[in-house]
Amino acid sequence: MSPAGPALPRLRVLRALWALLVVLLAPWRLWAIKDTLECTWQVVLNNFETVGKNHASDRFFNQEPLDTVDEVFSLLVDAPIDPDERYLGFPYFLKINYSCRGESSEALVRKGHLTGLKPVVLVTFQSPVNFHHWKIEQLQIQMEAAPFRSREWCNAEELCIMSWYMPMPIKNGSVVMRVDVSSNGLGPFIPNKRFQVNINGFLERQRDNSLQFTVGNELFDLIPRYFVNVPSRPLWYTVDQAPVLILGGIPEEKAILLTDTNFEDFFLVELSIDSCWVGSFYCPQANFTATIYDAIATESTLFIRQNQLIYYFTGTYTTLHETSHGSGRWVRILANECVKKLCPVHFHSNGSEYVMALTTGKHEGYVHFGTITDGRVSFELLPRQQSVCNGIRASLPVVNCSITWAVFIAGDYDLLLLVEIEEPASRKYFLVVSYNLVSDYLVILYTIPEFIPDARGLEFLMILGTESYTNVPMVPKGMSYNEYNNLLFIWGNFLLQSYNKENYIYLGDFPKELSIKYLVNSFHGDIAIVTETEEIWYLLEGSYQVYKLFPSKGWELYLSLRLMQQSSLYAPNETMITLFYDDSKLYQLVYLIDKQQGRLVKRLVPVEQLLMYQQLGNHYLLEQQGSHLTLSFANFCPFTVMRLLDLPNPQIYTRQERYRAQPPRILEPSGFHNNNSLAVYQGLVYYLLWLHSMYDKPYADPVHDPTWRWWKNKKQDQDYYFYLASNWQSAGNVHIDMASYEKIYDLKAENELPERIFLDKGTIYSFSVFLTARGHSFDLEAQSSASSQPGSQVGLAVVLADPACIEAVVKQKDLINRNSVLFWVTLSDKRTCFDQGISGHHLMKTSMLIKVVGSSGHCFQNTHQGPRMQVPSLALLSRLRIWCCHKLQQKSQSQVRLRSSVALVVVYACSCSSNSTPSHGTFMSQGNLMVPLLIGCPPGKRLAFDITYTLEYNRLQNKHYFDCVHVDPEMPCFLFRDIFYPFFLIQDLVTGDSGSFQGSYVLKVVGGGPTLDTIKDYSEEDIYRFNSPLDKTGSLIWTTRNSTTTEDSAFNIMSHHSLGIEWLCLENSPCHDTIPHSIFAPEFFFKVLVSNRGVDKSTYCDYQLTFLLHIHGLPLSAKRAFLILMVSTSVFVGLVSLYIIFCLLLPFMVKTCNFFRWKINNIMASESSYIYSIPSNTRAFNKTSLTKSGSSFRGSSDILSKRVAESKAEAEETTGKSQT
């Protein structure tokens, strides 16, 4: 074959070499792992009944814990668990496998297990919307999956089919879970993969054990007419909060696409709505259609619009609402209004979500502002005083007025309205109007030009009113606002952007012949644009270049390569359904028709690869070298290596709490787990998260860790449990390692900026950026001459969205011998833009953007997931490079601050460079370095009562300590007459730090009662009387010798060095004259509120702690004490008197008793003598007989007299003893 000559067309040469170039650009490391890149993780849900069954999967709708695991724990008689505790489990397991292209998945899993592979799963719980109901926290739990053999029949003796299982945890207040699966480093290489595992509250189980949607009936046939040549539509939802997404737009069908996995899978559901059409004189609709036009998903509620009516449906989420607030059916709202459009609100605020309805007819010029709180929906008509149109008519002549679009800015409580105006002369134009919900103030911010400006080839044009215009009218259609960088876009057949809502920049790269249908914002610096002709454009926020992604030459090349690889995600005939961002990546939902079979697929839009292909196609050079043409490409990226260094540990800034849990050790030779061991794993993970949720007690534990109470009584026996496991003697063949369930406080940085940064008052975040310049960067001869200008430069810019609140300082060090530059970036809070708030509440959104000058759309990074864009450039700074480099020639380290006219602060540092040598290092894994910043009190901080140090210090100061008679170790008592010295701790639940609170605070008694059951809250008036030193009613409960008070002198200000509290309980206080319930002194429980709001300037945190304080030994009132004394004295005197009287009268009483006894004895003796007496008719006896009878009578009389004398002597003797 003859070599290519000059006669060949250059275009053919370019097309022929493009595919070869794509292969050559891939680094050799990617070639080495080419096979392993085809492997991917697979995750499905299983309930307890389907564990171990092949091809079984379940939907995530059950949210109630199960008590079946408690039976298994009862068998663990000799294990480090509390036998009295009731253990529960989660309803689902996560089944994990992996597969590789062209190989058997079952064999791969067996091979991975035998080589030591174990999946490591990180579950991230999304914080809830309603922070009034749930605690705001960033929580993660890292678990290791356990190997489990299939329960189905298999020919193999030991192993045929296996999988890994782990509990799928649920957390109250969270319905969106992010599951990251990675390898433990052993076995084959499998790239990390992220899954969305969300709770679907719109499913219910039927009597036949099948699942059915509560919103309608599932359709199983995806008819082509539903999708083919149907216009795409936007996907609207509350960012990061919606577990279920919905998409309408199916022609002439009241059906939607519904997904709980971000369209990894989906369902076509026909809605059970009444489809009523109310036509009237105020609702001029021409015809009726069944199509669902607008669809919005929030955390628990779905909204749709059909014709002029809107409906909502609230799902059943017991983890959010505690009780079921599910609708049960679609609810029609605003039934008497003619709704023409629904507008989404992408961010939640103040514990609620929002949606807006624009109407026509009788309420034209109003906005129906919907608020969703805990699934309850309410609408308010705004503005409250008069319509927007009437407000405009007060200053402008208006014939017709209509609101086209609405945007809600939650941080400022502002409504931005795009209003169409028609003047009497039939002239139409548009206004940007702002309405404040707090002040009820309406103001016109900007009048949009009537015609599109003439950019004259410029990328952007600042609209000042002096520029020339084309004859093409401006037709605005909508607005988009990013709360993180305050960037507002107005779009239609043009694109305007503004940082302050008053000054606008026209982007000239977007052709005026096209019209934008909708914008897709990632809120991380990327924007995708979809036109009416289904073209896709791309814009990087902060730059002014708009790139065409589809259709384009780059797309044609990429599609050709995918079809050559026989990818199932592409087909010659396809229709885009929607475009959306998921995890900062751009995805398409596309309907493909391949071999007369239609299907819906979710696929990635390779933005970086498309831009790279376009760059190569537009900047190449064919040079003649001898008889050959040489193809060369220009690389416009100003650097070859970029690394992030000196990154601090992330948890203190990301506020991410992380737990670690591993499966219990199974005492089986094969190492496979069984149903019982998995049940134990479930119970342990549930109990670990339960301990986390309960770790919010006002009394601080001696050890600042939620797991301390779990193992505190078992740690001493740890060696014994290990001995049992080593000898295979553990009960249930399960060994629980106490060290495997812990909280992690020392996560290390991974050479990338965090996902978000929380800034407390005066917080500083610093890191370094290392750049190796392309080409010869440093010209020593040029640098020695102050007047000479460098040939090339490497510059770093830091763009701040709110320069009045935060500042950035960049220091630079030139590494000439390495042809590199090192930048130190320091970001700090200015202590000015936030008052005080509860931990995690009402945080101010802002952002920081790191940029390298000249890299926008030119710098790409090859990773195992494909090319990724590196740091973009800032076009506005290109004119400042010469001045900056001139400064840098005078100082090796520079700090330059500049303020732009669009409310941005730009900290710019650059180096003059021209050459470089490649540096071996790890490329940064993050493309656009836009980092969201949240200013305020970070989540995970709390104030706790330091009971341990308080007891110790009070005992030291008072020289004694007396606890209550009935000791409660959880709530020790304090004596009333002792001075009370309270101490508090600031506990960081994220980093594990716990230190004494050194700030100022106000202490108030806000409730109380003599017993725990009788505690009641006091009113605001009572709180003032009981705690204020200004009280004159004699109601004070306590006082202090501190002289510092609040500004209005209403309350005392306490601190770590306060002189203590003296209890008073004056006459009109609730603790005065407390009635004792036993013989012990009265007790009282005080409900105490401690807050640093308004008195502590060292933090943004409004620490509020409410706890119970048990005081004993309260004194009685004078009246009650005197009454008790009198009663006690009377009783005592009475008892003593009674005793004395008893002692004095006792001898007489005994004598009297003896006398009566003697009398009784005499009577008895008399009766006996009467029996022995002789009757009168017996006197006729003979003399002998009479003589015998007389002697006998005398003998009886002598005996009787003798007995009477003996009785009398005994009585006298008894009387003498009594007197003695």
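## Basis

Residues are numbered from 1 along each chain as its sequence is written. In this predicted model, local features need pLDDT of at least 70 and side-chain atom pairs count only at pLDDT 80 or more, while totals for chains, interfaces and linings use all residues; side-chain values use heavy atoms, without hydrogens or water.

## Helices H7 and H8

Helix H7 (residues 553-564) packs against helix H8 (residues 607-618) at about 115 degrees, with the axes 8 Å apart. Helices are DSSP runs of H or I with at least four residues, and strands are E runs of at least two, numbered from the N terminus. Axes are lines fitted to C-alpha atoms, for helices over the stretch in contact, and angles run from 0 to 180 degrees between N-to-C directions.

In this contact (heavy atoms within 4.5 Å), H7 supplies Gly554, Trp555, Leu557, Tyr558 and Leu561, and H8 supplies Gln609, Leu610, Tyr613 and Gln614.

## Aromatic pairs

The whole structure holds 60 aromatic pairs. Rings of Phe, Tyr and Trp (its six-membered ring) pair if their centres lie within 6.5 Å; planes under 30 degrees apart are stacked, over 60 edge-to-face, and the rest tilted.

Phe347 and Tyr484 are edge-to-face, 5.6 Å between centres and 80 degrees between planes. Phe347 lies in the loop between strands S20 and S21 and Tyr484 in the loop between S31 and S32, so the pair ties together parts 137 residues apart in sequence.

## Charges over rings

The charged end of Lys602 sits over the ring of Tyr587, 4.5 Å from its centre. Arg942 lies over the face of Tyr695, 5.3 Å from the ring centre. The test is NZ of Lys or CZ of Arg within 6 Å of the ring centre and within 35 degrees of the ring normal.
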